Amino acid sequence: MTYTYKTSGVCSQQITIEINDDETISNVEFLGGCNGNLKGIVALAKGKKIDEIIAVLKGIKCGFKGTSCPDQLAQALEQIKEEI
């Protein structure tokens, strides 16, 4: 399944996430944001279970912001878990 999440409080505007039937992440695409850093996050997330990525990324902050692109990915994955 493919899910789209509208981000809030970060440079990226949107995250598109593909989830396999076994709740592993097959792909993640960020729209906007810091290209190199986000490519690294995507590479680390691919093939991992949703819960594993939430546990690692949830609560990470970017500077003075109350959230970050990794935290937004964790929030998106939490929302996806509620839907599936």
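**Reading the chain**

Tutor: Let us begin with burial: of the 84 residues of the chain, 39% count as buried. Please keep in mind that this is a predicted model.

Student: Which elements does the chain contain, and how do they run from the N terminus on?

Tutor: One reads the elements along the sequence. The chain has 3 helices and 3 strands, and their order from the N terminus is β-β-β-α-α-α.

Student: How does the radius of gyration of the chain stand against that of a compact globule?

Tutor: One sets the value of the chain beside the value for a globule with that number of residues. A compact globule of 84 residues would have a radius of gyration near 12 Å, and the chain agrees because its own value is 12 Å. Along the principal axes, the C-alpha atoms fill a box of roughly 35 × 20 × 20 Å.

Student: What share of the contacts joins residues 24 or more positions apart?

Tutor: Here one looks at contacts with a separation of 6 or more; residues 24 or more positions apart account for 39% of them.

Student: Let us turn to a single residue. Where does T67 lie, and is T67 buried or exposed?

Tutor: T67 belongs to the loop between α2 (50-57) and α3 (69-83). Buried means under 20% relative accessible area. T67 has 9% relative accessibility and therefore counts as buried.

Student: Which side chains make polar contacts with the side chain of T67?

Tutor: One of them is the side chain of D71, at 2.6 Å. The side chain of Q72 also makes a polar contact with that of T67, at 3.0 Å.

Student: Which residues does T67 touch beyond those up to four places away in sequence?

Tutor: They include S8, G9 and V10, as well as I60, K61 and C62. Q72 and Q75 are also touched by T67.

Student: Why does Q72 count as buried, and what does Q72 contact?

Tutor: Q72 is found in helix α3. Q72 is buried because its relative accessible area is 2%. Apart from neighbours within four places in sequence, Q72 is in contact with Y5, T7, S8, V10, I15 and T67. S8 and V10 are also among the residues that T67 touches.

Terms used
Residues are numbered from 1 along each chain as its sequence is written. This is a predicted model: local features need pLDDT of at least 70, side-chain atom pairs count only at pLDDT 80 or more; totals for chains, interfaces and linings use all residues. Side-chain values use heavy atoms; hydrogens and water are left out. Helices (H or I, at least four residues) and strands (E, at least two) are DSSP runs, numbered from the N terminus. The radius of gyration is taken over C-alpha atoms; the globule rule is 2.2 Å times the number of residues to the power 0.38. Buried means under 20% relative accessible area, exposed over 50%, partly exposed in between (1.4 Å probe, protein chains only). Contact means heavy atoms within 4.5 Å. A polar contact is a pair of N or O atoms within 3.5 Å; within protein, one must be able to donate a hydrogen and the other to accept it, and residues adjacent in sequence count only if both atoms are side-chain atoms.
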